[in-house]
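Me: I am new to this structure. Please take me through one part of it closely, after a quick word on the whole.

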Amino acid sequence: MQKIKSLMARQGLKSPQESMSDLSPVENLRIPSKEELRELREQPIDPQAEQEMIESIAEVYYSCDSFDMVKHELEKLPPELDLQELEDHRDTLKKQQAAVSKKVADLILEKQPAYVKELERVTALQTNLQLAAVICTNARRQLGVSKEGFTEASLGLLANQRKRQLLTGLLKSLRTIKTLQRTDVRLSEMLEEEDYPGAIQLCLECQKAASTFKHYSCISELNSKLQDTLEQIEEQLDVALSKTCKHFDVSHYTKVQLAYTLLGKTQTAMDQLHMHFTQAIHNTVFQVVLGYVELCAGNADTKFQKMQYKDLCTHITPDSYIPCLTDLCKALWEVMLSYHSTMQWHEELDNKEGPATQDGGGSAGADESVVDRSYVKKKLEHGLTRIWQDVQLKVKAYILGTDMSNFKYDDFIVVLDVISRLMQVGEEFCGSRSEVLQESIKRQSVNYFRNYH
């Protein structure tokens, strides 16, 4: 093997491993010349003899690449040297070397076309790689230019546009919050103007907007403030509702009812209205009787204000009895007139909304409206008898609170006439026969005529 390597080195050839390691610098590769290969092939030898010569080589020469053949041959020498044997052995080794060299030369010449072709492919591949490297370099440079000139600028524009949209949305939110913060001033103005429906509508819209921006800390406080404002509006609305019991105003009552409708408390409003009518009857008769009692007493004593109405009626003097009774009946008549006007207002509303409700039936809002209107109608119809009953009881307490047996006949007739007219009002009001008033006036009449005769 060492001989083969030395022969290849002498002929300028390289081993396959060395050739593969030197493929990159193609220019340094050296192809064996044809003259050198021809010298080896021109040596005359019998192929069979050549094969036999190669096979006669000892196996130890193929053991490894680091095999030292010189040392091996020297160790084989006998103790006593024979010149003829040495020369014969030398000639044999030379023949073996020549056979191996010729075999190697034949193999090299046989593979030379493929070797040359492969080198050409490697050279072409190297050229293509160099061209690809140039193309990649140019592509990277152009990509860098595109990135700086187009991509970064476009992405910058998109980023700025997105930032602009976010800031626009934030500005809109801040303006809405600013408007919400100023809502309380407008609500106060609307309440002073008694625009209850507008105030409630504005407050509900603000609450809806506040729920949208509840993630802001300032809105949580505003939401609670709006709730307090809404409760305050309901309190003022209740006061406004109570005013209709003495002096019914269509415009005022329409605003109040619309406000309760916006709150969804139509039935609650009707319950409150009847309580206010009951309270109005009590306050009206008490204030009328108290005014006459204090006027007749002629002093500023406040003990009468703490009395019950029934006890207060006993302090009416005979001279002020008829004027007080007249004013009392007038005041009660005004309360009853307000109640009658309230019923008329709701009847007209039913006549207006009746056909519309039938056409739009089936929806939840329409069904709820029908329920509310039915409740209001029944409540008002039942309230007629209740209101008249309260009126009778108050007038009865006034009639029986004074002994009329010493009245003049004409004065007593006036009392009977006033009570008779009041009973006519009651009959027209709710179809009542006024048994309470009849019983009370009967007692006074019996007492009067018994004393008179």
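Reply: The protein has an accessible surface of about 29,100 Å², and 54% of that belongs to carbon and sulfur atoms. Such areas come from the Shrake-Rupley method with a 1.4 Å probe; for residues, only the protein chains shown count as cover. This is a predicted model: local features need pLDDT of at least 70, side-chain atom pairs count only at pLDDT 80 or more, and totals for chains, interfaces and linings use all residues. Residues are numbered from 1 along each chain as its sequence is written, and side-chain values use heavy atoms, leaving out hydrogens and water.

The protein holds 16 helices and zero strands. These are DSSP runs numbered from the N terminus (helices H or I, at least four residues; strands E, at least two).

Now the close look. Thr183, Arg186, Leu187, Met190 and Leu191 of helix 7 make the contact with Tyr196, Gly198, Ala199, Leu202, Cys203 and Cys206 of helix 8. Contact means heavy atoms within 4.5 Å.

Glutamine 236 lies in helix 9 (residues 217–243). Glutamine 236 touches Leu191 and Tyr196, not counting residues up to four places away in sequence. Glutamate 194 is 42 residues from glutamine 236 in sequence, and 9.2 Å away in space, C-alpha to C-alpha.
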